[in-house]
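Colleague: Hi! I'd like to learn how to read a protein model. Can we walk through one together?

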Amino acid sequence: MMPASGTNHPRRIAIIGGGPGGLYAAALLKRLDPSRETTLWERNTPDDTFGFGVVLSDETLGGMEHADPAVHQALQRDFVRWNDIDIVHRGTRQTAGGHGFAALGRKRLLEILHERCRTLGVDLRLRTEAPYPSWLAETYDLVIAADGVHSTTREAYADAFRPRLTPHRCRYIWLAADFAFDAFRFEIAETEHGVMQLHGYPYAADASTVIVEMREEVWRAAGFDELGEHESIGRCARIFTDALGGRPLKSNNSTWTTFRTVVNERWSHGNVVLLGDAAHTAHFSIGSGTKLAVEDALALAACLSEQPTLESALSAYEAERRPVVASTQRAARASLEWFENLALHVGQRPRRFAFNLLTRSRRVTHDNLRLRDARFTEAVEREFGCPPGTPPMFTPFRLRGLTLRNRVVVSPMDMYSATDGVPGDFHLVHLGARALGGAGLVMTEMVCVSPEGRITPGCTGLYTAGQADAWRRITEFVHTRAPGTAIGVQLGHCGRKGSTRPMWEGMDEPLPEGNWPLVAASPLPYKPGSQTPCQLSRAQLTDLREQFASAAGRAARAGFDLLELHCAHGYLLSGFLSPLTNLRQDAYGGTLGKRLRFPLEVFDAVRAVWPAERPMTVRISATDWADGGTSAEDAVEIARAFAAHGADAIDVSTGQVVADEEPEFGRSYQTPFAERIRHSARIPVIAVGAISSWDDVNSLILAGRTDLCALARPHLHDPNWTLHAAAEQGYSGPGADWPAPYLAGSRPPRTGRTDAPRPRLSLTR
């Protein structure tokens, strides 16, 4: 499809869909070039609208002000503004201020945009179905598909856009009330059928949007699936009568629906481009739908103005918007899933529950919330048990007989730098530096229980006395030179992921020579080209248990404070847990209980020789990120099983079990799995994965999503990450003692003169 007029800049523009995004795009494009022929089709009447209120951010409004002051001024006259968020939970209301919202009625927003389009000369064809997209593409230079989540344009060109629509677990209904809430309100109702929630906010002096949401199974148990619109609305009003002050709710042809996340592989095809919900959706709990559509319109208009060709303009538009939208969708998904799993959180004390809710998307953090409302944040900290002036990350935590001085863990990181399994000077410096750097617990890399259990020839071991002696040199340094820091050992066996090159020479690639035979739960290679392991026999299982126990005994004598059993990432014990890698037909395969049998036997053997006062943790992959693999529910049962056998905490990672995994990466993306285990299995957890800032650590700890945070790459970047985190927060205390020789560096050195004299007098003619 090429522009109909044959020009590089579109002169004739067709817009499908008269929502805020489509209307604003029409107004901007016509304003930028009044000679353009701009036509918009909308099948509904001017008064039809879906939903009631619209929330826009200050950032979005700033962009609108620069692009079209007339629209911005009209909006300003109608906005309702407020700063507070109220969270009502178990009869207690918590209020957090300083958030800054602006909202107006969706109908009024459309009126403003209709008026602006007519003033500028846009041809608005309301109550009119748009022609087929293919005809428009042949007739017009540019077709903007702003036709919503159910976009017919997107479906017509599905082979080109390659959309992916993901339905979620909750039902919701969009309603309104004839009064104005005095804050953005979240109210939780724990009913006999399950947990329900209300999201409400004002959009006029006498009106509020009210959204009622609940899990699908709760919705059915409550009988909403059998009620008509009027009966549903009445029941919602009764359930949330306190929030509504006994007032009724009203609808606008409102129906219960399921939110669907829309993602498109491409946003343009020839001269057809997607905008707003047709291109992407983000859950309403972060108030982003209209915001994203308006920002899309701003970006598209700018790119069409700036770029020399239509093709380059559409490419630039997608390149500009896609990262922003992806980030918003990650935040929205985190928020959506938090509400989907609301039942996990309702047992928290009211203030902590409120903090957890406010920080659910990870866009509002501990430090950010402190700036917005220091009084609220300090109250949450006091309830948690933070001494005055102590950030949450610097509070102590006890595991069995070991008390960690803070909540920071240096995550296990394979260094592939040993000779014959013996840790050397590199390991002393690597682990010693991070112990001096202030973390509460420093973990070794995976230490292998046999030569055949190594991932690479450079992996460390604990299968000889010489190796144990070398480890003792390191633990003694930590205990002597970094008192207050504990050091833990992670024991494991490579399983089918061994006999490979170091990561920097080709991750998971077989050695070119000198390979050793591999063993695993089942004879499945990790990926094409990998060695096929032998399935372990009963006798070999017995030998392996003894190898783990022997290594644990050496670890105890070497002076480690904590032992972690590695049951994650597709290594030997993880291979037994996952149904994708354990296809055995004997007592060690099949049901989850049978797949757990060998890892639990190994755990029991290790626990029997590990000193009773020293804690043991277990690292697991809480999902395989692959169809048919370990599920989040399985992970809870795995955690419960290890807890029943004496595990003191679960180190919750994910994936790396199968080569064709499809992980959903993002900021602290594995933490929801840790939180689910913490609340469901009632065992302490260690969260790991894309946790990079001290603000993240404080937020996760204070929200109750985890007990400890393990960080890897940040400690490679900065061995003194924990001490620097303390300095940046102005904290000094027992949770972060600087080693005496380093005390002079506890404040950042000055980098240049900052006290130059300022001009005292300015003379002008």
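Predicted model: local features only at pLDDT ≥ 70, side-chain atom pairs only at ≥ 80, totals over all residues.

Colleague: In what order do the strands of the open sheet come?

Modeller: Two strands count as paired if there are at least two bridges between them. Here six strands line up as E8-E2-E1-E9-E16-E15, with mixed pairing. At the edges you'll find E8 (123-126) and E15 (268-269), each pairing on one side only.

Colleague: How many bridges join E2 and E8, and are they parallel or antiparallel?

Modeller: Four bridges, and the sense is parallel. Look for Thr39: its bridge partner in E8 is Asp123.

Colleague: Which strands do helices H1 and H12 lie across?

Modeller: H1 (residues 20-32) lies across E1, E2, E8 and E9, and runs at about 170° to E2. H12 (residues 310-340) lies across E9, E15 and E16, at about 10° to E16.

Colleague: Now a single residue. Is Val122 buried or exposed, and why?

Modeller: Buried means under 20% relative accessible area. Val122 has 7%, so it's buried. You'll find Val122 in the loop between H4 (106-120) and E8. Among the residues Val122 touches are Ala26, Ala27 and Lys30. Leu29 is 93 residues away along the chain, yet the C-alpha atoms of Leu29 and Val122 are separated by 9.4 Å.

Colleague: And Trp504: buried or exposed?

Modeller: Exposed means over 50%. Trp504 has 56% relative accessibility, so it counts as exposed. Trp504 sits in helix H19 (residues 503-506). With Met503 and Met507, Trp504 makes a nonpolar surface patch of about 370 Å².

Terms used
Residues numbered from 1 in each chain as written. Heavy atoms only, no water. Patch = residues over 30% accessible without salt bridge, like charges linked within 9 Å, V, L, I, M, F, W, Y side chains within 5 Å. Areas by Shrake-Rupley, 256 points an atom, 1.4 Å probe, with all protein chains shown as cover. Salt bridge = Lys/Arg side-chain N within 4 Å of Asp/Glu carboxyl O. Helix = DSSP H or I, 4+ residues; strand = E, 2+ residues; numbered from the N terminus. Buried < 20%, exposed > 50% of the residue type's maximum accessible area, 1.4 Å probe, protein only. Contact = heavy atoms within 4.5 Å. Axes fitted to C-alpha atoms, helices over the stretch in contact; angles between N-to-C directions. Lists of a residue's contacts leave out its neighbours within four places in sequence.
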